[in-house]
Amino acid sequence: VANTSAGTQGYVGLDRAHARVVVGFRGSSNLANDVEDAAFLLLPPKHLAGVPPAGPGQPEVLVHTGFDFAYGSVRNVTQDAVTRALDSCGGACTEVTFTGHSLGSAMTTLAAVDFQAQQQRRQAAGGGGAAARAVVSNLFTFGSPRVGNEAFAAWASGLLDMGLSSRVTREGDVVPRIPPKVVPLRGGNRY
């Protein structure tokens with residue numbers, strides 16, 4: 001999966017041996033990605049399903065606009081590829097593993113949350129066939145920057161089984177510490 005104008009690229013594969021679909025996104029590698037990385041403003045996500053509304057005492061879910069744009073640039077083609085892979089598995093595949101590096105890990109976090117939110121809606125509606133039974137089985141991120149605010153982190157943690165998630169960082173790597181928490185933007189601290 002790719003979007004040449006946004007400079008984003010990923011992969012959707014079928015692991016028949018383990019009856020799962022694997023989704024991966026690569027990290028920054030061009031000027032378009034650098035622009036996406038630098039778009040620090042936190043705003044409501046444009047490319048996520050099922051975002052809970054803000055309410056009394058409930059802060060609004062906000063995400064890094066550059067990461068939201070990057071994910072949005074490949075969202076539809078990724079979702080179509082995941083659906084085709086699940087369908088080609090004949091109902092045997094019930095797990096989807098997401099992984100990525102740097103910008104790709106931010107994109108994969110958004111993709112995993114989006115997929116799981118959509119699956120919950122499909123399951124609640126009682127539709128979608130065999131593919132609707134699939135769930136996010138793992139989320140592996142490598143050098144992931146902060147994707148959203150505390151409300152996003154709480155919502156994402158509630159959707160995903162965080163025991164099956166791994167965030168790998170390297171000591172001294174600056175990327176997992178950006179955007180910096182000290183930058184006062186709409187929505188408060190970033191996570």
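This is a predicted model: local features need pLDDT of at least 70, side-chain atom pairs count only at pLDDT 80 or more; totals for chains, interfaces and linings use all residues.
Is Phe 115 buried or exposed? Phe 115 is buried, with a relative accessible area of 11%, where buried means under 20% relative accessible area, exposed over 50%, and partly exposed in between, with a 1.4 Å probe and protein chains only. Residues are numbered from 1 along each chain as its sequence is written, and side-chain values use heavy atoms, with hydrogens and water left out.

Let me stay with Phe 115, which is found in helix α4; helices here are DSSP runs of H or I with at least four residues, strands are runs of E with at least two, and both are numbered from the N terminus. Leaving aside residues up to four places away in sequence, Phe 115 touches Val 82, Leu 86, Val 96, Phe 98, Ala 134, Val 135 and Val 136, a contact being heavy atoms within 4.5 Å. Of these, Ala 134 is 19 residues from Phe 115 in sequence, and their C-alpha atoms are 9.5 Å apart in space.

Now to the aromatic pairs, of which a search of the whole structure finds two. Rings of Phe, Tyr and Trp, the last by its six-membered ring, pair if their centres lie within 6.5 Å, and planes under 30 degrees apart count as stacked, over 60 as edge-to-face and the rest as tilted. Phe 98 and Phe 115 form a tilted pair, at 6.0 Å centre to centre and with 50 degrees between the planes. Because Phe 98 lies in strand β6 and Phe 115 in helix α4, this pair ties together parts that are 17 residues apart in sequence. Phe 98 is also buried, at a relative accessible area of 1%. The other pair, Phe 152 with Trp 155, is edge-to-face, with 6.3 Å between centres and 65 degrees between planes. These two residues are three apart in helix α5, residues 150-159, and so are separated by about one helical turn.

Finally, I turn to helix α3, whose buried residues are Arg 75, Thr 78, Ala 81, Val 82, Ala 85 and Leu 86. Seen down the helix axis, they fall within an arc of 135 degrees, so they line one face of α3; the arc is that of the directions from the axis to the C-beta atoms. These buried residues pack against β2, β3, α2, β6 and α4, whereas the face turned away carries the exposed residues Asn 76, Arg 84 and Asp 87.
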